[in-house]
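Hi everyone, thanks for coming. Please have a look at the chain on the screen, and I'll walk you through it piece by piece.

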Amino acid sequence: MPVQVETLSLLNAVQALALGLMLWVGTHSGNDRALAAIRLRALALAVEATGYGLLALQAFISPSALVIGGNALNLLAQGMVVVAIRQLLGEPLRLKTAATIGFLGWAGVSWLGAVYPDYRLRVLWGSCAILGNVLLNVEALRGGCRDRDTRARCVLLWVYLLELALLLWRNGSLWLGSHPPEQVATPSPVNVFYVLLSGMQPLFASIGFLLLYNEILRRELHELARIDPLTGVANRRAMGEASDRMLAEARGWRGSVGVLLLDADHFKTINDRFGHDGGDKVLQALVGHIQSMLRSGDIVGRVGGEEFLVLSPGVDEAGLLALAERIRATVESSPLVINGEPVRLTVSIGTAVAGPGGWDMTVLRRRADAALYAAKRAGRNRVMSGESLA
C-alpha cells in the first residue's frame, strides 16, 4: 500500500505533540533562562504539530487556507526555536531578525500560493526563509564541535546542517526533475520523502535540545560546586584545582606562580559588633578590593572564614610583594560603613613563590601560612614574605 502524505503528516503531528508534552512535563529544574527556553521549545513543537495537522486534513481545507495557515505555523515554530536555542545558550535572541524572516517568508509563500500560484517559486521562497532561521541557529551553535565539553551543541549543529541539505535536495528535485509535483500534498516520491524527513527533524532536534539543556545544567552545577556562595569567588575546592593547573603550566614553561594568603585582622570584633550580616558585608567589600588589584590571569578564592588565597602566575618575589602591598594599602585606605557606622579594616598577608625546584603547592601554602602568622605576630596590617622565613 503506498504511503500517503496525509498519513505521514498525521504521524508527524502526533510525534511533535508528544515530544512537546514530554519536554514540558519532563523538565522542571534549572535556572529561569533554561526553563523558559525549554518551555518555548515545547510550545514550538505544539505549533509545528498544528501545522502538520492541517496538512493531514488537507482534504477538508481549501488550498489557499492550507498554504497561508500551514506556512504561518511552520515559520512561527521555526522562529520560536531560534529564540529558544539562543535563550538556552545565553546568546542575543535576535527577535527582530527572526520576526522579519518569518513575516517575509509567510508573505512570499502566501502570495505565490493564493494570489500568483507557482509551487516551485513558493517552495524556493519558503526555503530561503527556512535557510535564514537555520543560519541563525548555526551562528549560535558554531564552535560546539571544538570543545569536548559542548558535544550537544555539535549534535544540534549537525541536525541543522542536515536540514540545509534537505532543503537543497528538495529544491533541486523540483527545479531539475522531469515531473515535479504541483503541491506538497500531491502523491509523489519527492513529497513523501520530504515530509518523512522533515517530520523526523523535530525528533532529532528535540533530542539535541535536551542534550544541550542537560549539558548546561551539569556545567552550572559544576560551577556552583566551586563558587563561594557569599563572596562569589572560587571556593577551596576550585582553588585546589586552579593551583594544580597553574603549577603544571608553570612547570611546562619554567615559569613561576605567586601565592598570597590574606586574613582580615580582628574580624571577630567586627562580627561581635555588627553581627554576621555586617561581617558578610565586610567580606564582600574585601573581595572587591582584592579583585580591583589583580591582573586578568590572577585568581582569588575564599579558603576559610575570613581567609583568602590569591594565585598570581608569572611573578617574581618582588612583583608578588608589590601586589600584596597594593592590596594591603587599598584595604586600609578604603573606608567602610556598616549600619551607618564607620569600620576600619586591615589585612595581614603572607607570600610565597613557586619556581624551578619548588612546585609543591602544599609546601607553598605552608610557607605563605607561616608568613601570614608572622605578619600577625608582628602587629598585623602588614606583608611578610615566606622566602625570608625559609
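How far apart do the end C-alpha atoms of residues 123-142 lie, and what percentage of the span is helix? The ends are 27 Å apart, and the span is 95% helix and 0% strand.

Before going on, a word on where this comes from. This is a predicted model, where local features need pLDDT of at least 70, side-chain atom pairs count only at pLDDT 80 or more, and totals for chains, interfaces and linings use all residues. Residues are numbered from 1 along each chain as its sequence is written, and side-chain values use heavy atoms, with hydrogens and water left out.

Let's start with the overall picture. The chain has 12 helices and 7 strands; helices (H or I, at least four residues) and strands (E, at least two) are DSSP runs, numbered from the N terminus. Of its 390 residues, 49% are buried. Buried means under 20% relative accessible area, exposed means over 50%, and partly exposed is in between, using a 1.4 Å probe and protein chains only. Looking at contacts between residues at least 6 apart in sequence, 71% join residues at least 24 apart. Contact here means heavy atoms within 4.5 Å.

Now, the record. An unreviewed UniProt entry places the feature "transmembrane region" at residues 12-30, 42-61, 67-85, 97-117, 123-142, 154-172 and 192-213. UniProt positions are given in the numbering used here, feature names are shortened, and annotations may be inferred rather than shown by experiment. For another, residues 97-117, the end C-alpha atoms lie 27 Å apart, with 90% helix and 0% strand.

Next, a pair of helices. How do α3 and α5 run relative to each other, roughly parallel or roughly antiparallel? Their axes come within 9 Å and cross at roughly 10°. Axes are lines fitted to C-alpha atoms, for helices over the stretch in contact, and angles run from 0 to 180 degrees between N-to-C directions. Angles under 35 degrees count as roughly parallel, over 145 as roughly antiparallel, 65 to 115 as roughly perpendicular and the rest as oblique. So α3 and α5 are roughly parallel. Where they meet, α3 brings residues including Val67, Leu75, Ile85 and Leu89, while α5 brings residues including Ala129, Ile130, Leu136 and Leu141. By class, this contact has 11 nonpolar, 5 polar and 3 charged residues. In that count, Ala, Val, Leu, Ile, Met, Phe, Trp, Tyr, Cys and Pro are nonpolar, Asp, Glu, Lys and Arg are charged, and the others, Gly among them, are polar.

While we are at α5, find Gly126, which sits in that helix. Gly126 is buried because its relative accessibility is 11%. Trp106 is 20 residues away in sequence, yet the two C-alpha atoms are 7.5 Å apart.

Now to the cores. A nonpolar core is a set of buried Ala, Val, Leu, Ile, Met, Phe, Trp, Tyr and Cys residues joined through side-chain atoms within 4.5 Å. The largest one has 39 residues, and Ile85, Leu88, Leu141, Leu156, Tyr160, Phe209 and Leu212 touch the most other members. At least two residues each come from α1, α2, α3, α5, α6 and α7, and α2 gives the largest share, 10 residues. Leu156 touches Ile85, Leu141, Ala205, Gly208, Phe209 and Leu212, leaving aside residues up to four places away in sequence. A second, separate core holds 30 residues, including Val233, Val287, Leu336 and Ile349.

Let's visit two more side chains. Trp24 is in helix α1 and counts as partly exposed because its relative accessibility is 40%. Phe267 belongs to helix α9, and it is buried, with a relative accessible area of 6%. Under that sequence cut-off, Phe267 touches Gly279, Val282, Leu283 and Glu306.

Finally, two loop residues. Which value of phi does Arg94 have, positive or negative? Phi of Arg94 is near 55°, a positive value in a residue other than glycine. Arg94 lies in the loop between α3 and α4 and is partly exposed at 33% relative accessibility. Asn381 also has a positive phi, near 55°. Asn381 is in the loop between α11 and β7, and it is buried, with a relative accessible area of 18%.
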